[in-house]
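User: I am new to this structure and would like to learn how to read it. Can we go feature by feature?

Analyst: Gladly. Here it is.

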Amino acid sequence: MKYPAVYIISNYKRTTLYIGVTNNLERRMLEHKAGIGSVFASQYQLTDLVHFEKFENMTDAIRREKQLKNWHAEWKWNLVRETNKDLADLAFDWFSVNEIEQFRIDMESEYL
C-alpha cells in the first residue's frame, strides 16, 4: 500500500482522534499497532484505523492533513462516520498479533 495517504486513527473507546500523513499506509499502521512512531498515538493507545484517503502525490496529502487538523472535532467525527458508520478498525485484519509483536521487537533491537 505504497501511496500518499491521510489517515485518522482512534483508540478502542473512540474518544480520541489522531490525523497523520504517510506514503505507506500499511507500514504506518503496523507502527501504530506496535506503539512505535508517535508519542501522542502511543500515549493514548491510538491503534485503530477509522478513516483514510488516498492521494496522487504527497503535496496534496499534506495539504489535506493540515486542513483536517484545523477542523473541529465534530466535523472530524462526521467525516469518519460518512464512510465508516460503525467506527470499525479498517485495519483490524492486516496483521496478526505475532506480526505486531515481532515488529515491535525488531524495531526495539534496532534502537539499542
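User: Let me start with a charged residue. With which residue does Asp89 form a salt bridge?

Analyst: First the general idea. Side chains of opposite charge can pair when their charged atoms come close. Now the case here, in what is a predicted model. Asp89 pairs with Lys33, and their closest N and O atoms are 2.7 Å apart.

User: Where in the chain do Asp89 and Lys33 lie?

Analyst: In distant parts of the chain, which the pair links. Asp89 sits in the loop between H4 and H5, and Lys33 in helix H1. The two are 56 residues apart.

User: Are Asp89 and Lys33 buried or exposed?

Analyst: Asp89 is buried, and Lys33 is buried too.

User: How many salt bridges are there?

Analyst: Eight. One of them joins Arg28 and Glu31, with 2.7 Å from N to O.

User: Which residues form a network of salt bridges with Arg28?

Analyst: Arg27 and Glu31 are linked with Arg28 in that network.

User: Why does Arg28 count as buried?

Analyst: Look at relative accessibility. Buried means under 20%. Arg28 counts as buried because its value is 11%. Glu31 is buried as well.

User: What does Arg28 touch, leaving out residues up to four places away in sequence?

Analyst: Its contacts are Tyr7, Tyr18, Thr22, Ile36, Gly37 and Ser38. Take Ser38 from that list. Ser38 lies in the loop between H1 and helix H2, which runs over 39–43. With a relative accessible area of 8%, Ser38 is buried.

User: Now the nonpolar parts. Which residues touch the most other members of the largest nonpolar core?

Analyst: That core has 18 residues. Tyr7, Ile9, Leu25, Met29, Leu49 and Phe103 touch the most other members. Strand E1 (5–10), helix H1 (25–33) and helix H5 (97–110) each supply at least two residues.

User: How many residues does the second core have?

Analyst: Twelve, in a separate core. Among them are Ile19, Leu68, Leu79 and Val80.

User: How do I read a single helix? Which residues of H4 are buried?

Analyst: List the buried residues, then check where they point. In H4, residues 73–83, the buried ones are Lys76, Trp77, Leu79 and Val80. They lie on the same side of H4, because their arc around the axis is only 155 degrees.

User: Which exposed residues does the face turned away from that side carry?

Analyst: Glu74 and Glu82.

User: What covers the buried residues of H4?

Analyst: The cover includes E1, strand E2 (17–22), strand E3 (48–54) and helix H3 (58–69).

User: Let me step back to the whole protein. How many helices and strands are there?

Analyst: Five helices and three strands. Along the sequence they follow the pattern β-β-α-α-β-α-α-α. The radius of gyration is 14 Å, close to the 13 Å that the globule rule gives for 112 residues, so the protein is as compact as a globular protein of that length. Its C-alpha trace spans about 40 × 30 × 25 Å along the principal axes.

User: What share of the residues is buried?

Analyst: Of the 112 residues, 46% count as buried. Contacts tell another part of the story. Among contacts with a separation of 6 or more, 63% come from residues 24 or more positions apart.

User: And what is the accessible surface?

Analyst: About 7100 Å², with 50% of it belonging to carbon and sulfur atoms.

Definitions and conventions. Residues are numbered from 1 along each chain as its sequence is written. This is a predicted model: local features need pLDDT of at least 70, side-chain atom pairs count only at pLDDT 80 or more; totals for chains, interfaces and linings use all residues. Side-chain values use heavy atoms; hydrogens and water are left out. A nonpolar core is a set of buried Ala, Val, Leu, Ile, Met, Phe, Trp, Tyr and Cys residues joined through side-chain atoms within 4.5 Å. Buried means under 20% relative accessible area, exposed over 50%, partly exposed in between (1.4 Å probe, protein chains only). Helices (H or I, at least four residues) and strands (E, at least two) are DSSP runs, numbered from the N terminus. The arc is that of the directions from the helix axis to the C-beta atoms. Contact means heavy atoms within 4.5 Å. A salt bridge is a side-chain nitrogen of Lys or Arg within 4 Å of a carboxyl oxygen of Asp or Glu. The radius of gyration is taken over C-alpha atoms; the globule rule is 2.2 Å times the number of residues to the power 0.38. Accessible areas come from the Shrake-Rupley method with a 1.4 Å probe; for residues, only the protein chains shown count as cover.
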